[in-house]
Amino acid sequence: MTGVRIVGVGHYAPERIVDNQELETWFDTSDEWITSRTGMKRRHWTSPDEATSDLALAAARNALANANLEPGDIDAYVVATVYPDYLFPATACIVASKLGAVDKAAFDIEIACSGFIYGLTVTSSLVRAGVYKRVMLIGAETLSKLVNKEDRGTAILFGDGAGAVILEASEQDSFLAAELGSDGSKPELLRVAAGGSRRPVDHAALDEGADRIYMEGREVFKFAVTKMIAATDAALAKAGLAKSDVDFLIPHQANKRIIDAAMKYLDIPAERCVVNIHEYGNTSAASIPIALSEAVRAGRVKPGDVIVFVGFGGGLSWGAVVWKWA
Ligand code: COA
């Protein structure tokens, strides 16, 4: 088995910024409420003519430039998203084609906000097993198009963006361990009820908001804190490492209070956690690669650093990957 490392990172967020003050004009909320309950100040939202593949494409180009590689140098393209351009074909096919990468493998991963964590495990495995030399993994979302803009409990939370990493076969191995999990017994806690085969979209028959994101916020909050801690602990144990070995924790950016509660329990100091939730809100599968790309580009991450990527979301699903930066 060969090793794997990340040789390029990139990210992109749409130009349009929706700040808390703008949301105050939509429904009964306040900058103070949103900031204190979530840590969010702004989020980036797509324009009507931008789809998920457009954001993914920009992040992919950014990562290719960062790695000094051409689209044809990548053997497989994987997009983690909960809101693809179409039900099918896969958004990854569109991205690869628009990049000019001809005849390359391309597929999507859908496991909601855990998409990057699952995707990193799958794509790392493809490289470590010797199936492919280089794989691009992109987390890309346009959840502003899927939120119920009349529901103040969810409309404030979600933003759009994309982050990309390029994985390459290497003598050193950055992938130290993964812990993935799911519990599909209560899909109603966080879902879009209509639009799939369980309930195909028939707008005449839909109850209000059934084709938009619905979430039981308090239940999801408790689940998120619990699983962030458990997945981090389990992945570190598999890697044979202690919490004190962690140089950076890069969590899914769903709520600053969730992150703070988990960091406190894990006893990892705040300066070792990468947080950009104030700028982007919750960008689902894109949040971790955007945060990684920003941290790497800012020079925060150094070779040898141990990073824990940890995420959770719809499914319910969760996971953590322990990674040694090379
Ligand atoms: N502005 C003002 N008030 C709001 C509001 C808003 N945007 N959204 C909800 N409220 C109100 C509620 O209506 C409720 O009022 P009531 O007491 O009169 O009924 C009150 O605030 C408290 O609501 P609650 O849902 O208990 O708030 P909370 O402290 O749990 O915060 C979330 C709500 C959504 C921020 C929080 O539950 C959360 O972050 N959950 C997890 C979200 C998450 O991680 N999702 C993605 C997973 S990938």
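**Note on the ligand site**

1. Domain 1 (3–172) and domain 2 (176–324) both give residues to the shell around the ligand, so the ligand lies between them. The model is a predicted one, and the points below should be read with that in mind.

2. In total, 23 residues surround the ligand. The closest of these are Thr-29, Arg-37, Gly-217, Arg-218 and Asn-255. Sorted by class, the shell holds 10 nonpolar, 8 polar and 5 charged residues.

3. Which elements each supply at least two residues of the shell? They are helices H2 (31–38), H6 (152–155), H7 (217–239) and H8 (256–266), together with strand S12 (306–313). H7 gives the largest share, 4 residues.

4. For Trp-33, the distance from a polar side-chain atom to a nitrogen atom of the ligand is 3.5 Å.

5. On the oxygen side, an N or O atom in the side chain of Arg-257 is 3.1 Å from an oxygen atom of the ligand. As for cover, the ligand on its own has 960 Å² of accessible area, and the protein covers 75% of that.

Conventions. Residues numbered from 1 in each chain as written. Predicted model: local features only at pLDDT ≥ 70, side-chain atom pairs only at ≥ 80, totals over all residues. Heavy atoms only, no water. Near = heavy atom within 4 Å. Polar contact = N/O pair within 3.5 Å; in protein donor to acceptor, adjacent residues only side chain to side chain. Areas by Shrake-Rupley, 256 points an atom, 1.4 Å probe, with all protein chains shown as cover. Nonpolar A, V, L, I, M, F, W, Y, C, P; charged D, E, K, R; others polar. Domains from an automatic or database assignment.
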